[in-house]
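Here is a short note for a colleague who has not seen this structure before. Please read it with the model open.

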Amino acid sequence: MKEISIAGVVEHCVERSDYPPEKIKQILKDEVIAVLGYGVQGRGQSLNMRDNGLNVIIGLREGSAGWKLAQEDGYVPGKTLFSLEEAAAKGTVIQYLLSDAGQKDFWPKLKPLLTKGKALYFSHGFSIVFADQTGVVPPADVDVILCAPKGSGTTVRRHFLEGRGINSSFAIHQDATGRAKDRCLALGIAIGSGYLFETTFKKEVVSDLTGERGVLMGAIYGLWLAQYEVLREHGHSASEAFNETVEEATQSLYPLIAEKGMDWMYANCSTTAQRGALDWFKKFRDASKPVFETLYQSVASGEETRRTLEVNSRPDYRQSLEKELKEIADSEMWQAGQQVRSLRPERQGQ
């Protein structure tokens, strides 16, 4: 276990070496891990656990797209691939990785199958924290645990195959068996985490929803789009606007930040770039901080979860989502991006 000191506060994080493969197998040797859902997290986590030698089964709606994909990945109907209900009945650890709206919808069927001593595992605090909206209130005699990778399930799987781990949060909401923490940490490393940082269900969901709507996805795209549009409106070509807005960020500067931090990235840019960044970052902070505060309050109050459940539960949700995503894909900025990305050496087989 590592200690890190940030802002005068010592934090403890569990590292992969604390839970080597033999320890994970010893803790989980009698468990049947039923993964309900085969979206990006369900797929990435289940494949990593299977590769780590754990007894993993998948629960899905038969005939769904996920059902076909799970079969392509080697899960066998009737042996390791079952209906949601049958997998939940067989599992001793239930990894509840349906969408948030899907968790609300399936909960009345799942709850009776959560018999004494089982563990209910989440990768997001949404359903538990906002139980007034979801109805998800687990029985008192089961463990309720969380391991939330700080990245897409695609990244979870990719890092695992590359021999790397991803940072994850973990939390214990309910310890009915006395084994909740060991189960949680063993599973957390088995799914591909390199480091596990302790949190609570409440803090995880509020930070996660804020981050997704903020700098991870919503805010960063909003900033990119604003800069791209300004450059285009002042006569810059589409390729130039895209290169200066997205390509240089993702292919050059962001990897430098990931390597050693913002200060190191600044130090490895031109003095002109340094001066401009230092002069302007506070202006962007001051302009955007009120928006982030409004966002945080919307998340903490439950307004964001209410909207998520409402919109994502509509019968035409998938069609509406595809329409919105297509509008982004067809926009000039991302059409330019498609052309620029096609020029990268790896796309040319070089």
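This is a predicted model: local features need pLDDT of at least 70, side-chain atom pairs count only at pLDDT 80 or more; totals for chains, interfaces and linings use all residues.

The points below go through strands, helices and single residues in turn.

1. Local features are discussed where pLDDT is at least 70.

2. Strand β1 covers residues 2–6 and strand β2 covers residues 9–15. They pair in the antiparallel sense, over five bridges. Lys 2 stands opposite Cys 13 of β2. Two residues lie between the strands of this hairpin, and Ala 7 there takes a positive phi near 55°.

3. Follow β2 to its other partner. Strand β10 (residues 193–198) runs antiparallel to β2, and three bridges join the two. Here Cys 13 stands opposite Phe 197 in β10.

4. Next comes helix α9, residues 180–190. How many of its 11 residues are buried? Nine are, and the helix is mostly covered. Among them are Arg 183, Cys 184, Leu 185 and Ile 189. Just after α9, Gly 192 takes a positive phi of about 120°.

5. Now turn to β6 and β7. Strand β6 spans residues 93–96 and runs parallel to β7, with three bridges between them. Val 93 stands opposite Ala 119 in β7.

6. Leu 36 belongs to strand β3, residues 33–36. Is Leu 36 buried or exposed? Its relative accessible area is 0%, so Leu 36 counts as buried. Thr 177 is another matter: 141 residues separate it from Leu 36 in sequence, and the C-alpha atoms are 22 Å apart.

7. Leu 98 sits in the loop between β6 and α5 (100–110). Leu 98 counts as buried because its relative accessibility is 13%, and the cut-off is under 20%. Leu 36, Gly 37, Leu 84, Gln 103 and Phe 106 are touched by Leu 98, leaving aside residues up to four places away in sequence. The C-alpha atoms of Leu 98 and Gly 59 are separated by 9.8 Å, though the two are 39 residues apart along the chain.

8. Ser 127 is in helix α6, residues 126–129. Why is Ser 127 called buried? Because its relative accessible area is 0%. Its side chain makes a polar contact of 2.6 Å with the side chain of Gln 103. Beyond four places in sequence, Ser 127 touches Asp 100, Gln 103, Phe 122, Thr 134 and Val 136.

9. Finish at the surface. Where is Met 217? It lies in the loop between α10 (201–213) and α11 (218–233). Met 217 is exposed, because its relative accessible area is 55% and the cut-off is over 50%. Together with Val 215 and Leu 216, Met 217 forms a nonpolar surface patch, with about 340 Å² of accessible area in total.

Definitions and conventions: Residues are numbered from 1 along each chain as its sequence is written. Side-chain values use heavy atoms; hydrogens and water are left out. Helices (H or I, at least four residues) and strands (E, at least two) are DSSP runs, numbered from the N terminus. Buried means under 20% relative accessible area, exposed over 50%, partly exposed in between (1.4 Å probe, protein chains only). A polar contact is a pair of N or O atoms within 3.5 Å; within protein, one must be able to donate a hydrogen and the other to accept it, and residues adjacent in sequence count only if both atoms are side-chain atoms. Contact means heavy atoms within 4.5 Å. Patches are made of residues with over 30% relative accessible area and no salt bridge: like charges are joined within 9 Å, nonpolar side chains (Val, Leu, Ile, Met, Phe, Trp, Tyr) within 5 Å. Accessible areas come from the Shrake-Rupley method with a 1.4 Å probe; for residues, only the protein chains shown count as cover. A salt bridge is a side-chain nitrogen of Lys or Arg within 4 Å of a carboxyl oxygen of Asp or Glu. Two strands pair if DSSP finds at least two bridges between them.
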